[in-house]
Amino acid sequence: MSIDRRVFLGGSLALGASACIPPVGGTIGRLESQLRIIEAVTGGTLGVAVLDTGSGLEFGINRNTRFGLLSTFKTTLAAMVLAGKEAGTLEADQHVRWRESDLVTYSPFTRERLAQGGSLLELAEAAQKLSDNSAANILLRELGGPPAVTRFWRAIGDDTSRLDRTETALNNVPLGEIRDTTTPEAMARTLSRLIYGDTMPERARRILRDWMTATETGLKRVRAGLPRLWVAGDKTGTSLWPGMGSLYADVGFVEPANGAPIVFAAYLRAAEAHERIDVESQTALARVGAVIADYVRERGVLMA
């Protein structure tokens, strides 16, 4: 099953020609210094890209460093299903079945629905909201495998991100590995295109945004550092692969009470291996959220 590449060509991007606006004054430098301090406290490598969809201004640290995608690719996978449905190039309501042998670690939806199966649309929602690994693999099987996701990225202007393997092998991304990787800058721009650009039909964008908002896996990460009344959505990823060290990811959007939405991509390669999700690493990503909030509060001064 394939999605018509023409659906994703020719659309202007939310960031537009202003994407390369340079940092403004000393405030951006101060915010980037705060990110460096967060990185130093962790002892690891923190990659962050923050994109203002209104002005196109970008800031962050290690924006062009490669990090493992982990489960953050599932947002793109969900977008592919939604876009294909709206364009009429994909029968998203098609019922599919799977077997016990198709199930991998962490598959709450697909295990519960083993006897009855489900639609591609249900699988896409489970992959995004629950981070169901088997749902993602079944969708990959139906859509053309990891190369189809990479082609999708290329079609919408992302020449950096790449998906090479399926769950859970794609989480084995030691330092220096380029398979199944992206950069914070590339992923922030891709999210901006998917959620706020015209790369996808408006209805598909709205559903994807709603799914991301309803996703609860990231409530202790970037979103924990944002004001409670701001609307936000995200997709997280975590790898505690033996011998690799630990990697944490969080990508998403913020819609402040006033002003244009902000898109972010944050990846943290911890200094040491963890046997379970590390509280301090999640706190570091929450502090990234606080930096984003600081930027929004001072945005009016920066843009004046």
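Colleague: What separates glutamate 39 and arginine 36 in helix 1 (residues 25-42)?

Modeller: In this predicted model, glutamate 39 and arginine 36 are three residues apart in helix 1, so about one helical turn separates them.

Colleague: Why is the contact between glutamate 39 and arginine 36 called a salt bridge?

Modeller: The closest N and O atoms of the pair are 3.1 Å apart. The cut-off is a side-chain nitrogen of Lys or Arg within 4 Å of a carboxyl oxygen of Asp or Glu, and the pair therefore qualifies.

Colleague: What makes glutamate 39 buried or exposed?

Modeller: Its relative accessible area is 12%. Buried means under 20%, so glutamate 39 is buried. Arginine 36 has a relative accessible area of 40%; this lies between 20% and 50%, so arginine 36 is partly exposed.

Colleague: How do you know that arginine 203 and glutamate 86 meet in a salt bridge?

Modeller: The N to O distance between their side chains is 3.1 Å, and the limit is 4 Å, so the term applies. This pair links distant parts of the chain, with arginine 203 in helix 8 (residues 202-214) and glutamate 86 in helix 2 (residues 73-87), 117 residues apart.

Colleague: Why are arginine 162 and aspartate 164 called partly exposed?

Modeller: Arginine 162 has a relative accessible area of 24%, and aspartate 164 has 31%.

Colleague: How many salt bridges does the structure hold?

Modeller: The structure holds 22 salt bridges.

Technical notes. Residues are numbered from 1 along each chain as its sequence is written. This is a predicted model: local features need pLDDT of at least 70, side-chain atom pairs count only at pLDDT 80 or more; totals for chains, interfaces and linings use all residues. Side-chain values use heavy atoms; hydrogens and water are left out. Helices (H or I, at least four residues) and strands (E, at least two) are DSSP runs, numbered from the N terminus. Buried means under 20% relative accessible area, exposed over 50%, partly exposed in between (1.4 Å probe, protein chains only).
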